[in-house]
Amino acid sequence: MYSEKVMDHFSNPRNVGEIENPSGVGTVGNAKCGDIMRMYLDIDDNGVIREAKFKTFGCGAAVATSSMATELVKGKTVQEALQVTNKAVMEALDGLPPLKVHCSLLAEEAIHAALWDYAKKNGIVIEGLKEPVDDIEELEEE
């Protein structure tokens, strides 16, 4: 049912925890399944993500997608991180069962929410970034 990579990121999640004084933090959830994901980013003066951490309350797929999402954005510029989609997270994990695809959407939105927070704190506009939703169920209905 789950790929080896999903099981590895669930059993040995990378970058769990909080960042003290984060550049940006974003929280999103899914009311339908109860998953909640919080993403913390530390972004340097050149707009490069030095560190990414997460705290997730949810199923194994939610933990695995959070873990992979932090791995995918570390070392990237803000603009590059914005391009990390739920499909990229799923591909990096060698896929997810259809019932768990929403977890990858949660990861994408958590990245966007943290970038939105960073932009607000710094009074900047990140080209292509839209205001995040609190509950990804809104996106699933679109």
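Is Asn15 buried or exposed? Select Asn15 to start: it is buried, with a relative accessible area of 17%. Here buried means under 20% relative accessible area, exposed over 50%, and partly exposed in between, with a 1.4 Å probe and protein chains only.

Before moving on, note that this is a predicted model, in which local features need pLDDT of at least 70, side-chain atom pairs count only at pLDDT 80 or more, and totals for chains, interfaces and linings use all residues. Residues are numbered from 1 along each chain as its sequence is written, and side-chain values use heavy atoms, with hydrogens and water left out.

**The first loop**

Asn15 lies in the loop between H1 and strand S1 (24-30). Helices (H or I, at least four residues) and strands (E, at least two) are DSSP runs, numbered from the N terminus. The phi of Asn15 is near 65°, a positive value in a residue other than glycine. Now select Asn21, which lies in the loop between H1 and S1. Asn21 has a positive phi of about 50° although it is not a glycine, and it is exposed, with a relative accessible area of 68%.

**The whole chain**

Zoom out and colour by secondary structure. There are six helices and three strands, in the order α-β-β-β-α-α-α-α-α from the N terminus. The radius of gyration is 14 Å, close to the 14 Å that the globule rule gives for 142 residues, so the chain is as compact as a globular protein of that length. That radius is taken over C-alpha atoms, and the globule rule is 2.2 Å times the number of residues to the power 0.38. Along the principal axes, the C-alpha atoms fill a box of roughly 45 × 30 × 25 Å. Of the 142 residues, 51% are buried.

S1 and S2 pair in the antiparallel sense over seven bridges; two strands pair if DSSP finds at least two bridges between them. To find one of these bridges, show Gly24, whose partner in S2 is Leu41. The hairpin of S1 and S2 has four residues between the strands, and Gly34 there takes a positive phi near 90°.

S2 and S3 run antiparallel and are joined by eight bridges; Met39 has Phe54 as its bridge partner in S3. Five residues separate S2 from S3 in their hairpin, where Gly47 in the turn has a positive phi of about 80°. Seven of the nine residues of S2 are buried, so S2 is largely enclosed by the rest of the structure.

H2 has 14 residues and reaches 20 Å from its first C-alpha to its last, close to the 20 Å expected at 1.5 Å a residue; the expected span is 1.5 Å times one less than the number of residues. Eleven of the 14 residues of H2 are buried, including Ala61, Ala64, Met68 and Val73.

Step on to Gly75, in the loop between H2 and H3. Gly75 has a positive phi, near 85°, and counts as exposed at 55% relative accessibility. Gly75 touches Val48 and Ile49, not counting residues up to four places away in sequence; contact means heavy atoms within 4.5 Å.

Centre on Ile126: it touches Val78, Gln79, Leu82, Leu115, Tyr118 and Ala119, not counting residues up to four places away in sequence.

**The cysteines**

Finally, show the cysteine sulfurs. The whole structure has zero disulfides, a disulfide being a pair of cysteine sulfur atoms within 2.5 Å. For Cys33, the nearest cysteine sulfur is that of Cys103, 5.9 Å away. Cys33 is partly exposed, at 39% relative accessibility. For Cys59, the nearest cysteine sulfur is again that of Cys103, 3.7 Å away.
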